[in-house]
Amino acid sequence: MDEATNRTPAAAAPISSTLLRRSFRRQLLIGALALAMVVLAVLALLMQVRLNEDVQSRYQQALSIAQQALDAHRLASVSASVSALAAEAAERGRLLNLIARYTLAVGVLLAVSLGTAFGLLIWRSQTASREEMDVLDRMAREDGLTGIANRRTLDEGLAIELARARRTGEELTVVMLDLDHFKRFNDRRGHGAGDALLRNAAQAWRRQLRPTDLLARYGGEEFTLVLPSCDADAACQLVERLRPLVPERQTFSAGVALWEQHESPAQLLARADRVLLVAKKQGRNRTIVSGREPQMVLPLQIA
């Protein structure tokens, strides 16, 4: 198999989406605590206003009783003095309650404003966080050069499809594709043209697949097809439809393996890779199905 330089950008240090979620939750908790403190302050102020009103009401009742007692004992001068002091105290109480009510109104307005601003901030942070998660997930699952699934996604997807095939009894076929003489193409046309060839071929192939099929870059110039509910003959027909889609009249070899019930995903991939090697040894630009390899012709020995 030709070796080609894998020009996928080097993997950066992994970014943990769990850490991003934890950071966002911490910000959310801090904001919620701040908003809760404002609400508690408003509630405390409201309780204070009600307490002031209750105290003033009881004070007026006590003052009325005292005035009645003074009037009963004909102490008019004392009653007038008490009435004046009571009026002054009542005026001060009304002023304090008025200040408390205005303060309460400002506090409620502040709480509503902060709540609205905090809700908007949460919504924007959630949107940005979700977009960042989507980007990180796409970077972790897509091949940076071709835009199709990478090896990690292939391993996960193949395991899922194999489990589904085992449960439903449906057929599952894996195809390994390898561009022929790709190193020569790179040396002749340059790595930029080689990258464009890989990218354009992968995108053209993907448009021919069913939504349930998986196309992944296995490495270098080698690709893998995972085809659920598909037998080997149907897989070969698909491969032949993919051949003319490769730009620059580039050819490829293919190895096809139909899943056997006892195989693991690694064993199935290895079997498809082995028949791919057979296809390349047989002259390239052809498809070989596992179990249908051409028999080698041994030379006759004359005694």
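A residue counts as buried when its relative accessible area is under 20%. Keep that cut-off in hand as you look through these close-ups of a predicted model.

**View 1. Asp213 and Arg210 join in a salt bridge.** Asp213 has a relative accessible area of 12%, so this residue is buried.

**View 2. Helix α3 packs against helix α7.** Look for residues 151–168 (α3) and residues 265–281 (α7), whose axes are 10 Å apart and form an angle of about 105 degrees. The two helices are therefore roughly perpendicular to each other. From α3, the contact uses Asp155, Leu158, Ala159 and Leu162, while α7 brings Pro265, Leu268 and Leu269. Six of these residues are nonpolar, one is charged and none is polar.

**View 3. Arg151 and Asp155 pair up within helix α3.** Four residues, about one turn of the helix, separate them. The closest N and O atoms of this salt bridge are 3.4 Å apart. Arg151 is partly exposed at 34% relative accessibility, and Asp155 is partly exposed at 36%.

**View 4. Lys280 meets Asp178 in a salt bridge.** The N to O distance here is 3.0 Å. Lys280 belongs to helix α7 and Asp178 to strand β1, so the pair ties together parts 102 residues apart in sequence. Lys280 is buried at 6% relative accessibility, and Asp178 is buried at 0%.

**View 5. Leu154 sits in helix α3.** With 0% relative accessibility, Leu154 counts as buried. Among the residues that Leu154 touches are Leu214, Tyr218 and Val226. Val226 is 72 residues away from Leu154 in sequence, yet their C-alpha atoms are 8.2 Å apart in space.

How values were computed. Residues are numbered from 1 along each chain as its sequence is written. This is a predicted model: local features need pLDDT of at least 70, side-chain atom pairs count only at pLDDT 80 or more; totals for chains, interfaces and linings use all residues. Side-chain values use heavy atoms; hydrogens and water are left out. Axes are lines fitted to C-alpha atoms, for helices over the stretch in contact, and angles run from 0 to 180 degrees between N-to-C directions. Angles under 35 degrees count as roughly parallel, over 145 as roughly antiparallel, 65 to 115 as roughly perpendicular and the rest as oblique. Contact means heavy atoms within 4.5 Å. Ala, Val, Leu, Ile, Met, Phe, Trp, Tyr, Cys and Pro count as nonpolar, Asp, Glu, Lys and Arg as charged, and the others, Gly among them, as polar. Buried means under 20% relative accessible area, exposed over 50%, partly exposed in between (1.4 Å probe, protein chains only). A salt bridge is a side-chain nitrogen of Lys or Arg within 4 Å of a carboxyl oxygen of Asp or Glu. Lists of a residue's contacts leave out its neighbours within four places in sequence.
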